[in-house]
Amino acid sequence: MNITEEIERSIGTGPPLPTATARLAAGKSAVRRRRLAGGAAALALVSVLGGTAAVAGLLDRDTKSDPDQVVIVPNPDVPIDPEALQPGHIVGYNEDGQVVRRDSNIKVTYLAEEVLELDGLKNTMLSVERGDEVEWILLYQNPGGSFYQGSPSQPGRAEFEQQIEFLQERMAAAGAQAAEEDGPVMIDPDGVLQLSPGARLVRRVDNPLEMGPPKKSVGLVVEREGTTYWLLLRLSGGSGWQERADEADYPTFDMWLDQNLAEARGRPALQLVRFGADDQLVGLSGVTIIRQLDDTQLGDLSRPEHVSAVAEVRYQGRTWFVLATGTTYSPTVAKPGRETIEEYLDHLRAQRNPDNVQP
Amino acid sequence: MIGRKRDDAAYVEFVASRQQHLFRVAYAVCGDWHQASDLLQTALTKLYVAWSRVHRDGREEAYVRQIIVRTNIDDSRRRKRRPETPGLDGFDLASHEELAVEERSALFEALQGLPPMQRKAVVLRHWLGLSVAETAGELGITEGTVKSHTSRGLEKLQAVLSNQ
């Protein structure tokens with residue numbers, strides 16, 4: 001009997017999956033619009049630099065009575081305070097920095113405090129028991145939340161050391177990952193924006209979305225490692241969302257900001273064309289129409305309830321395509337693979353009829 | 001150029017060639033095709049976000065597998081509520097009839113009946129072929145614990161097989 005083959009045979013193939021192209025679209029969407037990274041990433045990186053010394057000190061202190069067993073630090077009462085916890089978390093800190101638990105079925109045992117050097121921020125390692133499940137949780141005080149890892153309780157010294165090393169590695173990986181993935185700007189717990197290491201501010205536009213307090217917005221052009229980022233941040237208190245322009249979707253940074261302001265106000269910013277006599281598209285100021293297709297030439301893209309048309313135009317030195325339907329005008333700049341009006345129509349059809357399921 | 005240029009073609013090629021296998025890995029870890037679909041979508045989205053670095057290091061599959069396993073570990077902590085994982089627009093897994101008529105083998109049922117960490121240890125060690133050290137790293141437990149988990153898990157699976 002070969003257990004590998006038996007397991008292999010026991011697992012089916014499951015239902016059909018989305019296509020790789022659909023996965024790509026989901027990934028692109030995630031890249032474009034992301035929650036602003038908190039200071040957690042930077043803190044995690046800093047913690048690793050001094051982490052070994054901290055752990056060694058902790059073990060020296062905690063193993064006086066039994067070198068093979070980690071001695072539990074004095075175990076204070078852990079209040080029940082579900083309101084203080086993030087959704088889904090069973091333990092956490094309240095506003096006073098005190099460890100709290102979600103309900104009375106959760107038993108919390110302190111393993112160690114100040115396990116990692118987190119730039120003066122509190123961190124606590126706990127053994128948390130719920131039903132027959134026991135795991136270790138490393139809490140640390142910052143906007144990024146907590147790291148959780150399962151592990152048997154009552155660990156021996158070797159296991160404790162190994163677990164701490166594992167957490168350090170994971171935090172370092174998370175920090176490096178966050179630093180790369182979340183772009184060149186982070187927000188600290190006080191809501192203050194900070195550039196990540198190596199990033200340089202090129203331009204700042206305050207409140208381009210004209211938001212009222214306490215909300216605010218800021219547009220940034222930032223360079224890091226030879227790459228230029230266009231960022232639009234929506235901020236509220238100590239958190240926010242960032243939007244990053246996709247590659248070359250707009251000729252200028254200001255045009256991108258204008259487009260976002262218009263969308264925020266529910267109106268199109270870039271119209272470029274309007275319907276004139278006989279339902280023909282006419283270019284607005286500065287716009288030259290190169291070619292257009294009317295309702296009868298759009299086939300399945302035409303809409304019975306509205307007059308539709310598509311135009312290829314030149315504006316600010318670049319080629320654009322505009323889909324006009326009734327009073328809605330949707331311009332998009334030409335890009336590789338979408339350089340002719342036919343390719344643009346194919347793109348529209350693909351968007352409207354996504355072949356999401358593999359045969 | 002705005003932003004980091006990603007190699008989209010390489011990402012699409014990887015997903016097309018490996019997502020079926022990774023879907024089965026997710027299913028083996030969690031025992032539910034819906035949840036496996038959520039896990040895989042989460043992992044593949046994170047993969048795209050980190051694509052430049054992960055692809056450069058040539059560890060795409062390990063990265064996705066780690067996200068699947070760790071997300072499942074985190075999710076299992078939040079048993080009271082199902083994670084709100086964004087799916088793909090227009091693709092509803094629940095609409096496929098295959099789920100309604102799904103049949104699972106006795107071995108798979110036994111695998112899913114193992115305690116969560118035992119099940120993951122068995123899947124990683126004895127289906128995916130990871131070493132004890134690699135399995136310990138992915139699960140965040142010691143090598144000794146991996147050995148005890150897999151030993152107990154295999155014992156139960158072999159009992160099921162010998163009764164068939």
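Predicted model: local features only at pLDDT ≥ 70, side-chain atom pairs only at ≥ 80, totals over all residues.
Residues are numbered from 1 along each chain as its sequence is written, while chains are lettered from A and ligands numbered from 1 in the order in which they are written.

**Exercise 1.** Work out how helix 6 and helix 7 of chain B are oriented to each other.

*Step 1.* Helices here are DSSP runs of H or I, at least four residues, numbered from the N terminus. Take residues 116–127 for helix 6 of chain B and 132–139 for helix 7 of chain B: their axes sit 10 Å apart at about 140 degrees. Axes are lines fitted to C-alpha atoms over the stretch in contact, and angles run from 0 to 180 degrees between N-to-C directions.

*Step 2.* Under 35 degrees is roughly parallel, over 145 roughly antiparallel, 65 to 115 roughly perpendicular, and the rest oblique. Helix 6 and helix 7 of chain B are therefore oblique.

**Exercise 2.** Find out how enclosed helix 6 of chain B is, and check its span.

*Step 1.* Call a residue buried if 20 or more other C-beta atoms, placed from the backbone, lie within 10 Å of its own. The buried residues of helix 6 include Met117(B), Val122(B) and Trp127(B).

*Step 2.* The expected span is 1.5 Å times one less than the number of residues. For helix 6 of chain B that gives 16 Å, and the end C-alpha atoms are 16 Å apart, which agrees.

Technical notes: Helix = DSSP H or I, 4+ residues; strand = E, 2+ residues; numbered from the N terminus. Buried ≥ 20, exposed ≤ 12 C-beta atoms within 10 Å, placed from the backbone.
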